[in-house]
Amino acid sequence: MPAPRDHVNEIKSRLDIVALISRYVALIPSGSGMKGRCPFHKDDTPSMTVSQEKGLWHCFGCGEGGDAIAFFMKIERLPFVDALRLLGEEVGVAVASAAPRIEDHLRRVLDDVAGVYAENLRSDAGRKARQALVDRGYPESCWSTYRLGYSLPGWDQIKRAFSRHGDEALVKLGLLVQGKKGTYDRFRDRIMFPILDTAGRPVGFGGRAMSGEPKYLNSPQTPLFDKGRLLYGLSWAKERMAQTRSAVLVEGYTDVLTLHQAQIHHAVGSMGTALTQAQADLLQRFVDDVVIAYDQDAAGDAATVRGMQILRSSGLGVRVASLPEGEDPDTLVRRHGAEAMQAMLDAALPFHDFYLAQLASRHDVSTVRGKERLLEETRPFYTGVDSAVLRQDIERKISELIGLSVESVRRELARRSSLRIDEVRSEREDPHWGVEEHLLALLLREEIRWQDISDHIGVDDFSEAHRAIATGLAAGLPASDLLTDLDEEGARRASFYALAPLRIDAATAVEDAKRWMGGLPRIARRLEALEQEIRAASQAQDWNRWESLLREKEELRMAWKQQRRGIHEQEQDDQTRGA
Ligand SMILES: [Zn+2]
């Protein structure tokens, strides 16, 4: 059931496209619009433009683009009707839909569960938990921001309170555990930290034990919760991250909260130290630089170092803070204050220095075997470094470390480096700028009106790929409404023409269009019609008419040749200029 166009346009007119996209991507003002890193390809430079005024976005890196609904569909991987219904709900336009999506249902359940935990914390049963939070430096004023809560010591509060959803759904969400004698609440007598997605919706929980083991318990992997694709605290930190283009990466929930309480608002938690590519991509949407602040044991772990390399090879600047033995950011701030933590962050080592120090501590460089191993381990890292200056620095440091000449170190490290295969980026090509494209761009930007050209050019004069866009423009639709009727490729083209930098003035573009677009197709059609009329005139022995038709045909042939030659010359001219 296609949603009525009026519905779609009403929803779009009420939506704030900049606010919507900002939920996922940090946007900064640029020219007359906003710019940000495209979430749909690996984007090192902000390639995505968003126009509040036009209600459009376009990525000039990968070619994706469209209206607010298209963005929401792509980033949430939703079919059109679902995206429309959800956005409709937000702006108060009801859109009828068949069945509610199972994921929305699960999200609402989790949201309600977080609400129950929050109530528990404020109830009589939550007294001890409240005290524990205050003692740890989390006053009541911050509880609702972080949506902190408490799970009761019993076995079945959640099981009973949410029984209407059925045990199966609750087990699937990781809220209940399936035991031998039935199901029971997973989280019991724990301080609850809801884990929110980028948009700030709960997708899972971390629970810290009031007593007993394990000290920390997480939601298991569920349809909503995948630890490797989330960063704890991102929804609170992303604004500051985007402003400073940097993040502090810590391990646990309390590390994040303590840093936020200490006014270090760009801290997020990796929930474990083995960083994933998905987490690197997430960070890359908001920042250029990351300072990693794990405790010493975790930072030295091989899996951690691999994770740091993932960040580095994603193009992020990585520095590593070395915390005093036995401290994590949470304990450091509580024992020594925010200034001590800030000093550690300021003194963080560039990743390659940290990495080399790590290597040196793990290999006995007084032995030949130790030196060889160190070189072997450095090689993949070294060959992955793009900067010649940095490579030189690494060569020099290794040379000092193992007592081999810089030249020999370089030779050793460069061996097999030719095996490195550069990442292949598949990028859609931007449409070629021609007369039609210029005209569409000006019309979409409302720099010219359809009436300015309609005497000379009709919808049919546009090529197949552009006819749907032209039809919308001829009907006087604004850009955002017009996209409603386009298919995906059409929307991509329209957002490109509307937002791409334009290097032509309106007068020239209109002149070109009148000269090249209207003419040829029209002549061709008239010539075809003439053949019929000439035959008819001759059959009717209407020789006057026959003669005038022949004259018209001859004139049209001349005009056709002239225009063809003109276009041909222009094409050659373009080629010469392009060469
Ligand atoms: Zn892109």
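Me: Before anything else, what counts as a nonpolar core here?
Reply: A nonpolar core is a set of buried Ala, Val, Leu, Ile, Met, Phe, Trp, Tyr and Cys residues joined through side-chain atoms within 4.5 Å. Keep in mind that this is a predicted model.

Me: OK. How many residues has the largest nonpolar core?
Reply: It has 54 residues. L175, F205 and Y232 are those with the most contacts inside it.

Me: And which elements give two or more residues to this core?
Reply: Those elements are α5 (102-122), α6 (127-135), α7 (143-146), β9, β10 (202-209), β12 (246-250), α11 (253-261) and α15 (329-346). With eight residues, α5 gives the most.

Me: Where does this core lie relative to the domains?
Reply: It lies between domain 2 (102-225) and domain 3 (229-347), because both give residues to it.

Me: Switching to holes. How many cavities of 30 Å³ or more does a search of the whole structure find?
Reply: One. The space in the largest cavity is about 30 Å³.

Me: Which residues line the largest cavity?
Reply: P194, L196, D197, Y232, G233, L234, S235 and W236 do. By class, five of the lining residues are nonpolar, two are polar and one is charged.

Me: Why does the largest cavity lie between domain 2 and domain 3?
Reply: Because domain 2 (102-225) and domain 3 (229-347) both give residues to its lining.

Me: Back to α10. Which of its residues are buried?
Reply: In α10, the buried residues are L234, S235, W236, A237, K238, M241 and A242. L234, S235 and W236 also line the largest cavity.

Me: Now sheets. What is the strand order in the open sheet of five strands?
Reply: The order is β13-β12-β14-β15-β16, and the pairing is mixed. β13 (267-269) and β16 (349-350) are the edge strands, each pairing on one side only.

Me: In which sense do β12 and β13 pair, parallel or antiparallel?
Reply: Parallel, over three bridges. A267 in β13 stands opposite V248.

Technical notes
Residues are numbered from 1 along each chain as its sequence is written. This is a predicted model: local features need pLDDT of at least 70, side-chain atom pairs count only at pLDDT 80 or more; totals for chains, interfaces and linings use all residues. Side-chain values use heavy atoms; hydrogens and water are left out. On a 1 Å grid over the protein atoms alone, a cavity is a set of points where a 1.4 Å probe fits but cannot get out, and a pocket is an open set with protein on both sides within 12 Å along at least five of seven lines; lining residues have an atom within 4 Å of a point. Grid points are joined across faces, edges and corners, and a volume is the space filled by probe spheres set on the points. Ala, Val, Leu, Ile, Met, Phe, Trp, Tyr, Cys and Pro count as nonpolar, Asp, Glu, Lys and Arg as charged, and the others, Gly among them, as polar. Domain bounds come from an automatic or database domain assignment. Buried means under 20% relative accessible area, exposed over 50%, partly exposed in between (1.4 Å probe, protein chains only). Helices (H or I, at least four residues) and strands (E, at least two) are DSSP runs, numbered from the N terminus. Two strands pair if DSSP finds at least two bridges between them.
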